Amino acid sequence: MAIGGIAGLCGGLLGVGGGFVMVPLQVLWKRTSQRVASGTSLAAILPIAIAGALVYYLGKSSPQLDLPAALCLMAGGSAGALAGASLARVVPERALAMIVSVLLVAGAVKELHDAWLGGSAGVEPGAPALSSIQYALIALCGVVIGLLSGLTGVGGGILVVPTLVLGFGLGQRLAQGTSLLAILPTAAVGAIVHGRRHDLDGGAAGRMALVGVPTSVIGAVLALSLPERLLAGVFGLVLLAMAWRLWPRRPAASATAGG
């Protein structure tokens, strides 16, 4: 329940669902296996993300959520996640983890730049007028994000937000609200797959969601009240932490050999 509370708060505040917190804390605190932690996290994310998305949609005078963009990401992400699950045993995991880490660092640098000097994340916009071509590109980005998520286990939200901010000019808050809605199909598909493989603890998922839903609401309310430049700075730091965690480590034997 403590893990769910922390994850819900972070997920609502940053628009990423909270899986990046739930998985490592389950492994560290409960000694849960990586596979079960991932499956349990995906199941718990569903109600947490729904609660946060509702706050982003209803919590201000104008919705902080681009519904067409979210639908495009849903369609593309679902297809990409299925492909990623099929290719997970074929593609070298180390190379993919390095590529995603580099992408996360690049996104973090831009987010921190905008937070420090101002930029796309520092603007207080409504939903931008995107063309049909841009929405098609968003769907294509959803395929790539879903594929990377399926291959590496990186939560889709941590990639969706910088993609929308840097690639399509959405404000930080608008991108976060859109992300919470967009990650639902990928999380649902992943939870179903893990459940069929018995890599999901339903009781733990329920307890995390029970506390995570109200804290997700609190986090989303905070996100709606904080300056977007501050949100961009916090998100940039989270991206750096994720890149560091994802970067492949040397085997223990090599580390000890070096003294």
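Buried means under 20% relative accessible area, exposed over 50%, and partly exposed in between, with a 1.4 Å probe and protein chains only. By that rule R173 is buried, with a relative accessible area of 2%.

The model is predicted: local features need pLDDT of at least 70 and side-chain atom pairs count only at pLDDT 80 or more, while totals for chains, interfaces and linings use all residues. Residues are numbered from 1 along each chain as its sequence is written, and side-chain values use heavy atoms, with hydrogens and water left out.

**Stop 1: R173 and E228**

E228 belongs to helix α11 (residues 228-246) and R173 to helix α8 (residues 172-182), so the pair ties together parts that are 55 residues apart in sequence. Helices here are DSSP runs of H or I, at least four residues long, and strands are runs of E, at least two, numbered from the N terminus. A search of the whole structure finds one salt bridge.

**Stop 2: helix α8**

Eleven of its eleven residues are buried, so the helix is largely enclosed by the rest of the structure. Among them are Q172, Q176, S179 and L181.

Now pick T178 in this helix. T178 is buried, with a relative accessible area of 0%. Contact means heavy atoms within 4.5 Å. Leaving aside residues up to four places away in sequence, T178 touches Q64, L65, D66, A69, A70, L73, L164 and L170.

**Stop 3**

A nonpolar core is a set of buried Ala, Val, Leu, Ile, Met, Phe, Trp, Tyr and Cys residues joined through side-chain atoms within 4.5 Å. The largest one has 60 residues, of which M22, L104, I138, I158 and L164 touch the most other members. Helix α3 (residues 34-58) gives the most to this core, with eight residues.

**Stop 4: the second largest pocket**

Select L103, L104, L159, P162 and T163. Of the 14 residues that line the second largest pocket, these are the closest to its centre. On a 1 Å grid over the protein atoms alone, a pocket is an open set of points with protein on both sides within 12 Å along at least five of seven lines, a cavity is a set where a 1.4 Å probe fits but cannot get out, and lining residues have an atom within 4 Å of a point. The pocket has a volume of about 270 Å³, a volume being the space filled by probe spheres set on the points, which are joined across faces, edges and corners.

Helices α5 (93-117), α6 (132-152) and α7 (157-168) each supply at least two residues of this lining, and α7 gives the most, with five. By class, the lining has twelve nonpolar, two polar and no charged residues. Ala, Val, Leu, Ile, Met, Phe, Trp, Tyr, Cys and Pro count as nonpolar, Asp, Glu, Lys and Arg as charged, and the others, Gly among them, as polar.

**Stop 5: the largest cavity**

Finish with L73, G77, G142, I145, G146, S149, G156, V160, A182, I183 and T186, which line the largest cavity. About 90 Å³ of space lies in this cavity. Helix α6 provides the largest share of the lining, four residues. By class, the lining has five nonpolar, six polar and no charged residues.

Terms used: A salt bridge is a side-chain nitrogen of Lys or Arg within 4 Å of a carboxyl oxygen of Asp or Glu.
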